[in-house]
Amino acid sequence: MAYILAVNDLHVTFPTDDGLVRAVDGVSLSLNEGQTLAIVGESGSGKTVTGLSIMGLHKRGATQISGSILIKDGDREIDIVSSSEEEIRMLRGGTVAMIFQDPMSSLHPYYRIGNQLAEAYLVHNPGKKKQALARAIEMLDLVGISEPATRADEYPHQFSGGMRQRVMIAMALMNSPRVLIADEPTTALDVTVQAQILILLKSLQKEFHMGILLITHDLGVVAQVADDVSVMYGGKIVETGTADGVFYQPKAPYTLGLLKSVPRISTHGSDRLKAIAGQPPSLINLPTGCAFAPRCEYSSHAPADACATLRPQLLGKSPSHLSRCHVDESTRDSIFVKELKQVRP
């Protein structure tokens with residue numbers, strides 16, 4: 001299947017007084033029509049920076065970006081990294097759209113919901129105010145907001161958190177994008193509303209035939225909706241594969257650590273939560289070797305000094321399941337199987 005988004009060797013750095021922040025360090029990924037690709041990792045791993053780069057939202061004067069971000073727009077292939085601000089502006093909100101983390105801060109408190117949705121439509125369809133308002137009401141209805149014509153005249157503070165998130169989804173879909181970036185779309189929502197939002201996204205994906213890039217730290221969300229998963233740590237992808245492959249046969253120690261730290265109902269009594277020791281590395285001063293080495297409990301199985309001196313490559317026995325680790329993959333498989341048995345309910 002042909003891709004609609006292809007990120008190749010993306011590097012994003014931010015110059016600061018303390019040095020260069022290497023927020024994204026050589027990330028490559030692709031997204032097909034109808035596919036959901038999840039990017040998973042702790043805060044500060046580079047997930048959101050990757051999403052904002054695809055949207056072309058970094059200030060070029062304050063950001064150093066290299067690599068390529070290719071988006072299919074009809075018969076054209078556009079590189080976000082090398083395109084002009086005007087070209088990117090015409091793509092943003094049309095071909096590619098984004099649901100941001102906090103709907104309350106993303107919606108203007110002084111403007112009615114319908115007008116804010118209509119504005120997103122008018123950017124790509126100037127002069128069509130009647131059609132824009134009609135589209136706004138249509139989209140509110142599509143995302144499950146009752147009495148959409150009435151609610152379109154209300155303000156953000158009159159909506160609950162779950163409803164505001166639905167409004168943000170409606171806004172992102174106003175122009176039927178091919179690529180939807182969902183950045184923590186269920187953060188701060190209760191479990192019931194979270195499930196409703198995830199079901200809504202899946203149904204809208206089928207209706208609009210779009211690819212979804214899901215950015216999250218919640219492995220439960222990933223398990224429900226993702227086809228493929230890329231795990232990020234220290235600005236790099238440390239494991240990538242199908243959702244089933246990553247969840248049931250993890251290859252990277254960091255991925256295993258994330259899985260072990262998920263709260264679950266235990267059949268072994270009141271087992272304590274297995275947290276990953278230590279803290280994520282500074283993106284200004286990354287370790288010389290493997291970025292995860294200071295927190296890894298399996299580095300003793302790697303060749304001498306490899307973890308401390310060499311950066312592991314993204315490799316694997318299967319081209320559809322790759323990981324970064326100096327420990328031999330067969331050794332990891334045998335160790336991880338035993339570890340997973342201890343945490344499976």
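Colleague: Hi! Which residues of α7 are buried?

Modeller: Hello! This is a predicted model, and in it the buried residues of α7 are Gly162, Arg164, Gln165, Arg166, Val167, Met168, Ile169, Ala170 and Ala172. That makes nine of the 12 residues in α7, so the helix is mostly covered, where buried means under 20% relative accessible area.

Colleague: Nice. What do those buried residues pack against?

Modeller: They have quite a list of partners. The helices are α3 (103-106), α4 (113-122), α5 (129-142) and α8 (191-208), and the strands are β6 (96-99) and β7 (179-183).

Colleague: And how far does α7 reach from its first C-alpha to its last?

Modeller: Helix α7 covers residues 161-172 and reaches 17 Å, close to the 16 Å expected at 1.5 Å a residue.

Colleague: Okay, new topic: the open sheet. What order do its four strands come in?

Modeller: The order is β2-β1-β4-β5, with antiparallel pairing.

Colleague: Which strands stand at the edges?

Modeller: Those are β2 (19-32) and β5 (76-79). Each has a single partner strand, so one side of each is left without a neighbour in the sheet. From one strand to the next, the twist averages 15°.

Colleague: How many bridges link β1 and β2?

Modeller: Strand β1, residues 3-16, pairs with β2 over 11 bridges in the antiparallel sense. If you want a spot to look at, find Phe14, which stands opposite Val21 in β2.

Colleague: Last one: which strands does α1 touch?

Modeller: Helix α1 (residues 47-55) packs on the sheet and touches β1, β2 and β4 (64-73). The direction of α1 makes about 115° with that of β1.

Definitions and conventions
Residues numbered from 1 in each chain as written. Predicted model: local features only at pLDDT ≥ 70, side-chain atom pairs only at ≥ 80, totals over all residues. Heavy atoms only, no water. Helix = DSSP H or I, 4+ residues; strand = E, 2+ residues; numbered from the N terminus. Expected span 1.5 Å × (residues − 1). Buried < 20%, exposed > 50% of the residue type's maximum accessible area, 1.4 Å probe, protein only. Contact = heavy atoms within 4.5 Å. Pairing = 2+ DSSP bridges. Axes fitted to C-alpha atoms, helices over the stretch in contact; angles between N-to-C directions.
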